Amino acid sequence: MIRLHETDNVAIVVNAFGLPAGTVFPDGLTLRDFVPQGHKVALEDIPEGDAIRRYGEVIGTALKDLPRGAWVEESRVRTPTAPSLDALPLATRVPAPLPPLEGYTFEGYRNPDGSVGTRNILAISTSVQCVAGTLEVAIRRIKRELLPRYPNVDDVIGLTHAYGCGVAINAPQAVIPIRTLQSLAQNPNFGGEVMVVGLGCEKLVSERLLPDGQADGVVRLQDERHEGFGMMLDSIMAMAEARLAVLNRRQRETCPASDLVVGLQCGGSDAFSGVTANPALGFAADLLVRAGATVMFSEVTEVRDAIHLLTPRAETEAVARALIREMAWYDDYLAQGGADRSANPSPGNKKGGLNNIVEKALGSVAKSGTSAIRGVLAPGEKVRQKGLIFAATPASDFVCGTLQLASGITLQVFSTGRGTPYGLAEAPVIKVATRTELSQRWSDLIDLDAGRIATGEATIEETGWELFRLILDVASGRKKPWSDHWGLYNDLTLFNPAPVT
């Protein structure tokens with residue numbers, strides 16, 4: 001079993017498939033119940049109403065007496081209230097900068113604006129969902145007829161979505177989906193060659209998705225020059241070919257690690273997430289920050305209950321207040337929808353040993369490492385600074401991935417305990433398993449096994465360094481993660497809190 005902090009009165013069972021009642025540990029602790037892998041056992045008698053502690057933090061109170069050796073199962077734990085946002089410490093424990101990490105590079109695609117991509121992709125944006133089917137047909141033809149002529153281009157993808165028509169385009173919260181689509185089109189992996197396919201009657205005018213100063217780049221299907229479907233496809237292909245010719249001139253070049261923009265995310269989390277994979281991600285995040293790179297962590301609902309650990313790490317009071325701003329916005333958003341914190345975690349998270357959102361959040365924030373938090377992004381905002389950044393997103397894997405792409409990540413690291421076959425066509429995704437059993441069972445989906453930390457075969461530091469080097473190799477195209485090997489890519493999913501009319 002693993003106990004994380006000296007004040008903890010619970011520990012999690014490490015053994016695959018759990019341990020039966022009657023199991024005796026070397027310290028004399030005897031299990032009173034069968035305890036599944038990753039689930040908690042009481043290390044001492046915990047009377048009804050007393051605090052249950054993990055990570056050195058209160059994760060709940062006992063709903064009934066929990067004798068030493070009992071299974072601390074979900075139904076026996078009351079979830080505590082979320083930390084108040086009114087009296088949080090602001091920038092009171094700003095970490096001192098760690099020594100710079102110099103000499104690390106990767107092979108990337110440098111763009112005219114100075115950003116650097118890890119892929120060379122033609123991404124075709126859409127201004128409305130009505131054109132998605134047409135674009136799908138066009139992309140099949142582009143890949144079959146055009147792409148072979150441009151061998152330096154990795155792929156052609158459509159940035160499709162369910163937005164643009166029947167929406168309250170001027171509603172205050174419409175800024176989020178519109179900003180997301182504008183930012184997505186300019187992800188560094190797309191080389192600045194923005195192209196939009198629109199219909200012509202939608203509320204989200206196609207030109208709004210073009211960068212400032214770009215005068216052309218729109219194919220409008222309702223254009224009167226189009227006589228039939230064939231001409232629409234021809235127009236899309238002609239504009240695509242002009243951009244493929246430009247992208248084909250891009251070549252990988254040696255770039256400092258400071259040019260990386262890496263997103264961190266977890267999905268299918270379990271009780272090991274905060275013990276193995278996420279601490280390893282956090283160690284790698286510190287290495288990236290030391291190398292001058294940009295690192296984003298996200299998922300508001302999986303940060304909210306640990307916000308009291310993050311605001312002291314903010315570099316300035318202004319950054320701390322921006323963190324609070326995003327927490328408060330999401331509190332209001334959930335309240336308007338009649339949802340509460342119990343909507344997270346998922347049934348799978350609970351099966352993996354996570355009792356509630358407090359325990360999940362404490363494990364989730366471990367992937368942020370120990371560096372000072374330098375900035376905060378509202379959903380869909382582009383990142384404009386180096387260091388550790390909190391990018392506010394929902395916790396949904398696909399919504400978070402879409403928003404991190406919009407904010408500018410060029411590579412993502414995704415930790416999972418229960419397992420999820422997740423990937424992005426727009427940026428490489430490195431999947432890290434929290435448990436060795438998952439890594440072995442999904443050997444052709446998991447890129448790195450952090451479960452070795454739990455069994456003592458590797459340390460957090462060793463695994464963090466391994467992940468750091470893997471990030472450089474994947475960013476350089478020297479190694480291909482499993483999701484790219486299979487072409488396993490999830491759809492983009494816009495976050496739209498604005499009304500649909």
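Predicted model: local features only at pLDDT ≥ 70, side-chain atom pairs only at ≥ 80, totals over all residues.

Residues are numbered from 1 along each chain as its sequence is written, and side-chain values use heavy atoms, with hydrogens and water left out.

Q: Why is Arg 54 called buried?
A: Buried means under 20% relative accessible area, exposed over 50%, and partly exposed in between (1.4 Å probe, protein chains only). Arg 54 has 3% relative accessibility, so it counts as buried.

Q: Where does Arg 54 lie?
A: Arg 54 lies in strand β3, residues 51-54. Strands (E, at least two residues) and helices (H or I, at least four) are DSSP runs, numbered from the N terminus.

Q: Which backbone oxygen lies 2.8 Å from a polar atom of the side chain of Arg 54?
A: That of Ala 271. A polar contact is a pair of N or O atoms within 3.5 Å; within protein, one must be able to donate a hydrogen and the other to accept it, and residues adjacent in sequence count only if both atoms are side-chain atoms.

Q: Which residues make up the covered face of β3, and which the uncovered one?
A: Ile 52 and Arg 54 are on the covered face. Ala 51 and Arg 53 are on the uncovered one. In a regular strand the side chains alternate between the two faces of the sheet.

Q: What makes β3 and β4 a pair?
A: Two strands pair if DSSP finds at least two bridges between them. Strands β3 and β4 (residues 57-62) have 4 bridges, in the antiparallel sense. In β4, Gly 60 is the bridge partner of Ile 52.

Q: Which peptide bond is cis?
A: The one that joins Asn 344 and Pro 345, with omega about 20°. Pro 345 is found in the loop between α6 (317-336) and α7 (347-351).

Q: Why is α1 called oblique to α3?
A: Axes are lines fitted to C-alpha atoms, for helices over the stretch in contact, and angles run from 0 to 180 degrees between N-to-C directions. The axes of α1 (residues 132-146) and α3 (residues 229-247) come within 10 Å and cross at roughly 55°. Angles under 35 degrees count as roughly parallel, over 145 as roughly antiparallel, 65 to 115 as roughly perpendicular and the rest as oblique. That makes α1 oblique to α3.

Q: Why are β15 and β19 said to stand at the edges?
A: An open sheet of 7 strands has the order β15-β16-β14-β13-β17-β18-β19, with parallel pairing. β15 (373-377) and β19 (448-449) each have a single partner strand, so one side of each is left without a neighbour in the sheet.

Q: Is Ala 174 buried or exposed?
A: Ala 174 counts as buried, at 0% relative accessibility. Contact means heavy atoms within 4.5 Å. Not counting residues up to four places away in sequence, Ala 174 touches Tyr 163, Ala 168, Ile 169 and Ala 498.
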